[in-house]
Number of protein chains: 2
Amino acid sequence: MKKNIITISREFGSGGRTIGKKTAELLGIPYYDKEIIEKIAEKTGFDKKYIEQQGEYSPTANTFAYSFIGRNLNGVSNHDYIWAAQCRVIEELAEAGPCVIVGRCADFLLKDREDCLHIFIYADTEAKVERIVKLYGETGQSPERRLREKDKMRSINYKYYTEREWGRVHNYHAALDSGMIGVERCAELIAKLARGNE
Amino acid sequence: MKKNIITISREFGSGGRTIGKKTAELLGIPYYDKEIIEKIAEKTGFDKKYIEQQGEYSPTANTFAYSFIGRNLNGVSNHDYIWAAQCRVIEELAEAGPCVIVGRCADFLLKDREDCLHIFIYADTEAKVERIVKLYGETGQSPERRLREKDKMRSINYKYYTEREWGRVHNYHAALDSGMIGVERCAELIAKLARGNE
């Protein structure tokens, strides 16, 4: 069966965004990543930078800090308000036609659609360290720690909103090691899977 | 890079053995499954049926029962003795040339070889139930329970000998949902990955 919507969940530094873009090119369909932030900004009125940070921030990672998070007049936290907008944006994008969506718990939000292909991209630490240092340069923190912290936040955020384990194979149709397979070939394989038996 | 040795770990009922056989056919290389039992039998003198059972039996699943397990004159349990023979057999098979090996913790035993491709095959419960009822018929136990118990044993056995989590993506180069992708296409994808950029 042909799959119109491809969601890509990815470890930080695994090249998941690049793979998403290349897959979209191969299939000739739109790729959504930053566009999702823009659409959430339109719906909520929040600043794009703030939405981006909130998407990575986990409500349960620091309960003390969470009590200081902005809330609207109905007592809903900004984080939950952004989440509600994100759900609508992702459903609307999927409804609009074939596309590739990277991150933002799209695998969970679209889990009941039959026309979706859910992919998880990962790699070993060595490959990810090489990639983030090349792309983003060195920082005061060790690359290993940057990887750990970023993925920990993603994992807690995912668990908080979906009650599922991030990176557990059963949440996806395929999981690919981009370090061994390579970014180009991952995109080719995903495109092949999406095309079905065409 | 071309991968000569393919290890396939699989959930019970996911069609991993069939996928292994088909991959071997596509690549024109031998497929090892029952042959491993025969070779362990040659090395240890144990009966093939007994070896097969021990392979699925986990030493930690029932500590009380474990104290009654047969031991040889050096105090080594039959289970550990079979495990040691299994390690040698799998290393020898990999050393002998390209092949597909299904199960038996081969992904762990060959983890340091550069020429290996490690695959995990899984599926959702519905697909696995359909498969085991078709292949093995009904039994007194519900198919869901048969799946759970078999995979639980595999998982505990794997953990006991490898100290790794069975089914965790980082132990493999790719994980494929055979229920969605289909047995034939899984084999094609694995063969494609094994061929590398040829």
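1. In this predicted model, B:Asp107 and B:Arg164 make a salt bridge, with the closest N and O atoms 3.1 Å apart. B:Asp107 sits in helix α6 (residues 106-109) of chain B and B:Arg164 in the loop between α8 (143-162) and β5 of that chain, so the pair ties together parts 57 residues apart in sequence. Both B:Asp107 and B:Arg164 are buried.

2. A salt bridge also joins the side chains of B:Lys22 and B:Glu184 (3.0 Å, N to O). Because B:Lys22 belongs to helix α1 (residues 16-27) of chain B and B:Glu184 to helix α10 of chain B, the pair links parts that are 162 residues apart in sequence. B:Lys22 is partly exposed, at 24% relative accessibility, and B:Glu184 is partly exposed, at 46%.

3. B:Lys111 pairs with B:Asp112 in a salt bridge, the closest N and O atoms being 3.9 Å apart. Here B:Lys111 is partly exposed at 41% relative accessibility, while B:Asp112 is exposed at 66%.

4. Over all chains, the structure has 22 salt bridges. In chain A, salt bridges link A:Glu95, A:Arg113 and A:Asp115 in a network.

5. Two cavities of 30 Å³ or more are found in the whole structure. At least two lining residues each come from α10 (183-195) of chain A, β5 (174-177) of chain B and α10 (183-195) of chain B.

6. Chain A contains 10 helices and five strands. Of its 198 residues, 51% are buried.

Key:
Residues numbered from 1 in each chain as written. Chains lettered and ligands numbered in written order. Predicted model: local features only at pLDDT ≥ 70, side-chain atom pairs only at ≥ 80, totals over all residues. Heavy atoms only, no water. 1 Å grid on protein atoms, 1.4 Å probe; cavity = no way out; pocket = protein on both sides within 12 Å on 5 of 7 lines; lining within 4 Å. Points joined across faces, edges and corners; volume = space filled by probe spheres on them. Helix = DSSP H or I, 4+ residues; strand = E, 2+ residues; numbered from the N terminus. Buried < 20%, exposed > 50% of the residue type's maximum accessible area, 1.4 Å probe, protein only. Salt bridge = Lys/Arg side-chain N within 4 Å of Asp/Glu carboxyl O.
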